[in-house]
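Here is a short briefing on the structure shown below.

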Amino acid sequence: MSLTNSLRPGGRNGLARKESRDPIGYAVAALNVVAQSDLIDRLGLRKKTEQAVFTSTRGGFSVVTKAGRTFAKRGAQKPGVRVPSAGASGVFDLTPTEDEQMLVDVVGEFATEVVRPAATEADEACEAPVALLKSSLEIGLPILGVPEKLGGISEERSAVAGALVAEALARGDMGLAVATLAPGAVATAISLWGTDAQQATYLPAFTGDDVPAAALALSEPTALFDVLQPGATAVRRGDRYVLNGVKAGVPRGGDAELFVVGASLEGKPVLFLVEAGTAGVRVEADPSMGVRAATLSKLHLTDVEVPADAVLGETDGSTYVECVRLSRLAWCALAVGTAQAVLDYVTPYVKEREAFGEPIAHRQSVAFMVANIAIELQAMRLVTYKAASRAAQGKDFAREVALARNLCASKGMQIGLDGVQLLGGHGFVKEHPVERWYRDLRALGVMEGGVLV
Amino acid sequence: MINLETPKKHRALVDQAHQVAMNMLRPISRKYDRAEHSYPKELDMLAAMIDGLSESGAAEGAGATGVRRDEQKDDGGVRNGSNLASVMSIAEMCWGDTGLLLSMPRQGLGNSAIASVANEEQLERFKGTWAAMAITEPGVGSDSANITTTARLDGDHYVINGEKIYVTSGDRADSVVVWATLDKSLGRAAIKSFVVEKGTPGMRVERLEHKLGIRASDTAVIIFEDCRVPAENLLGSPEVDVKQGFAGAMATFDNTRPLVAAMAVGCARASLDLTRDLLAQAGVEVDHDRPAHLQSAAAAKFLQLEADWEGAQLLTMQAAWMADNRKPNSLEASMAKAKAGRVGSDITLSCVELCGTLGYSESELLEKWARDSKILDIFEGTQQIQQLIVARRILGLSSAQLK
């Protein structure tokens, strides 16, 4: 980076564009550049530890994507296998089915025994441990939404099971939950909307032993991003589409072998299957405030050519909108899990922590914060479950998922804030996990894509 | 199987309640808001119709007495019973008019209290009565364990002395369920409830309050002076069980709080439904798929209100569902009331704000709903009492530890 470039006014370092530098500002900035130079290091003027900042993940990788495997084309151009909607139940009921409960128990144990202990380090490293990812495959996370006929475990629409699993995982850690759920989002999308050929080409990889990392890429790095009008474009050229644009918030970008990418085609939002090895695909690390264990990345698409049959689902926008809704639903379930983690953590803390000679829990101002966390959390959970059950039953769930997202974004963030506040200074330091949950819960209302139920 | 839709078996009931609310309550809503203290005679016919529906079983057990935890056969299946039917139909009626719902003959909170704690003999004897509820006193509100009204056993009668305020339908009802202490020195365990029938010597209605909202519903001050009540009108057990403490009397609240939460849910939905329409007329359509920040501020606000409302409604249904399925629901009942009470106020007040002078004016009902909703965050336990209950339950603290 040249000196002049780094001093260009506005737009960088969190400066709005109208900011300008006066002469003193230039002098200070120049000093800063000197301070960053290697020279003082060679002179031994800086503590070695400061260099730790420039680790590979934090400083950012920017690579042509992993060559990845080649997915051999199979199957026919006809509709794929679909699982039926869950039977409509006429009974108001908050009890999961036996199968769902078993799944939740298994995933819950995994979250407690494996995910939570790995969370701090994964957050630091911006990477999920390989062993953890591997064991997440063993419990069948990626094939939850894949039809039984195609080697998965889904006999009917599994949005409720998906939500319960996401919640249970995020109670362990949201970042690792996203990392482990990301391939399943792609497998579920292909199961829901793929043609016979797309299912035959891609799903065997997910149901086999060597499950590829994969990611659903819908967000983009622009303020006021409207997910329904992606800036990324797809243009028909002969029997191919050419994709251009930048996607953001893409989990596990570095090792993903397959992406489902949202792009505008003739004014309509459409999903495209893009293999990581395709020319013009580049991934850049984009470490964010939270959900860091998911290795959030930007996906650059420059004149990426994909075949005509790379379109996933309809081109009229209907598949895309459903995808957005199901993805938001998954994020809501993640928020419920993380908010539950906050409640679980602050409850014993405020009973043990003493001030003025008694536990702080004995004070209403503290106790009422805990009460409100519990109340809003349960409201978030019920609204999310309602949206999930409607999705599973094949009912319109646009309204319910919108309300769930709204509630989970605002109340989830409040719970994150209150979690830190209840621990006071202890909440602000990394000795306790609440600061991570605070960062993770801000993902709600921000993230689109990445996960899906 | 997780499913949070209106139960199939209650759909007809809910539709019916909606039609009644729309066609009977709304047309007289403003009339009785203005004519405070005049008896809404239209309700007599409606009450008779509701009695008929209850007799025929078409009401699914809904109503003030729907909260009784009777010993029905347990087939191991998930039940959608009278508690759920009650909260859903009450919400619909309050979508019509909360004040009028509270004035509905034979549907008083006293009826819920009787249904909650009466023995079978009492249940039969008080069948058909319209019972009001008298707990609060001039010096005692949320700390209901501190009530000063006394009941002294004298032969086969209890002699009641004291002053009760804020008795909903206290003048119109046939009887009043009164909380009184058998022995103040024994604390909350000595508090019992008594059914005092109208016309009993020594009981008189002192005056009716003028109120902010629910003006169709009378709120009475009742004085008891050496009022002699038959001993068999004491609800539940006359024993003072210090170990069991307050639980008996307080159990009523586990049943009535979801009902009040349902009132807030119904009243708030009235505001949302009308505001959605008025916003549409003003050119604002709420889009559930587009991010809220890309819509108008009014639409974004509306989305937030609707989301809060959905949470309140489902918490209310959860509490009732648990009662139907015989699960302890004190925590969930208080959660529902806390959430519904506060969002009821936020929603109705925000809707007035969104609609400007149209919302503020008496030409629409929005301002009325914003007045009616406030009481729902106060009676049957204020917002703060609900938070206290939830906090104690979540934190596992006693009332001595968390005051």
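**Helix packing in chain A**

Helix α8 (residues 174-193) of chain A packs with α10(A) at an angle of about 155 degrees, and their axes are 12 Å apart. That angle is over 145 degrees, so α8(A) is roughly antiparallel to α10(A). The model is predicted.

- The crossing of α8(A) and α10(A) is right-handed.
- On the α8(A) side, the contact uses A:Met174, A:Ala177, A:Ala189 and A:Trp193.
- On the α10(A) side, A:Thr319, A:Cys323, A:Leu334 and A:Thr338 take part.
- The contact of α8(A) with α10(A) has 6 nonpolar residues, 2 polar residues and no charged residues.

**Chain A overall**

- Chain A has 14 helices and 11 strands.
- Of its 453 residues, 52% count as buried.
- Among contacts in chain A with a separation of 6 or more, 77% join residues 24 or more positions apart.

**Interface between chains A and B**

- In the interface, 41 residues of chain A are in contact with 40 residues of chain B.
- Helices α10 (318-352), α11 (364-392) and α12 (398-423) of chain A each supply at least two residues of the side that touches chain B.
- Which helix gives the largest share of that side of chain A? It is α11(A), with 14 residues.
- By class, the side of chain A that touches chain B divides into 25 nonpolar, 11 polar and 5 charged residues.

**Annotated domains**

- In an unreviewed entry, UniProt lists residues 215-304 of chain A as "domain: Acyl-CoA oxidase/dehydrogenase middle".
- That span of chain A, residues 215-304, is 0% helix and 56% strand, and its end C-alpha atoms lie 17 Å apart.
- For chain B, UniProt gives "domain: Acyl-CoA oxidase/dehydrogenase middle" at residues 132-227, again from an unreviewed entry.
- Residues 132-227 of chain B are 0% helix and 51% strand, with end C-alpha atoms 17 Å apart.
- UniProt also places "domain: Acyl-CoA dehydrogenase/oxidase C-terminal" (unreviewed entry) at residues 324-449 of chain A.
- Residues 324-449 of chain A are 76% helix and 3% strand, and the end C-alpha atoms lie 7 Å apart.

**Helix pair α8 and α9 in chain B**

- The axes of α8 (residues 297-324) and α9 (residues 330-360) of chain B come within 9 Å and cross at roughly 155 degrees.
- Are these two helices roughly parallel or antiparallel? α8(B) and α9(B) are roughly antiparallel to each other.
- α8(B) passes α9(B) in a left-handed crossing.
- Residues of α8(B) in this contact include B:Leu305, B:Trp309, B:Leu315 and B:Met322.
- Residues of α9(B) in this contact include B:Met335, B:Val343, B:Ile347 and B:Leu354.
- The contact of α8(B) with α9(B) has 14 nonpolar, 4 polar and 5 charged residues.

**Helix pair α1 and α3 in chain B**

- The axes of α1 (residues 11-34) and α3 (residues 82-96) of chain B come within 8 Å and cross at roughly 25 degrees.
- This angle is under 35 degrees, so α1(B) and α3(B) are roughly parallel to each other.
- The crossing of α1(B) and α3(B) is right-handed.
- Among the residues that meet are B:Leu13, B:His18 and B:Arg26 in α1(B), and B:Met88, B:Glu92 and B:Trp95 in α3(B).
- By class, the contact of α1(B) with α3(B) has 10 nonpolar, 3 polar and 2 charged residues.

**Two single residues**

- A:Pro96 is in the loop between β1 (62-64) and α5 (98-125) of chain A.
- Why does A:Pro96 count as partly exposed? A:Pro96 has 17 other C-beta atoms within 10 Å, while the buried class needs 20 or more and the exposed class 12 or fewer.
- The C-alpha atoms of A:Pro96 and A:Val160 are separated by 8.5 Å, although the two are 64 residues apart along the chain.
- Beyond its neighbours within four places in sequence, A:Pro96 is in contact with A:Gln101, A:Val104, A:Leu164 and, in the other chain, B:Ile2.
- B:Val229 is in strand β7 (residues 219-230) of chain B.
- With 22 other C-beta atoms within 10 Å, B:Val229 is buried.
- B:Val229 and B:Val159 are 70 residues apart along the chain, and their C-alpha atoms are separated by 6.4 Å.
- Leaving aside neighbours within four places in sequence, the contacts of B:Val229 include B:His157, B:Tyr158, B:Phe194 and B:Thr200.

Methods:
Residues numbered from 1 in each chain as written. Chains lettered and ligands numbered in written order. Predicted model: local features only at pLDDT ≥ 70, side-chain atom pairs only at ≥ 80, totals over all residues. Helix = DSSP H or I, 4+ residues; strand = E, 2+ residues; numbered from the N terminus. Contact = placed C-beta atoms within 7 Å. Nonpolar A, V, L, I, M, F, W, Y, C, P; charged D, E, K, R; others polar. Axes fitted to C-alpha atoms, helices over the stretch in contact; angles between N-to-C directions. Parallel < 35°, antiparallel > 145°, perpendicular 65-115°, else oblique. Left-handed = near helix turned anticlockwise from the far one by under 90°. UniProt positions renumbered as here; feature names shortened; annotations may be inferred.
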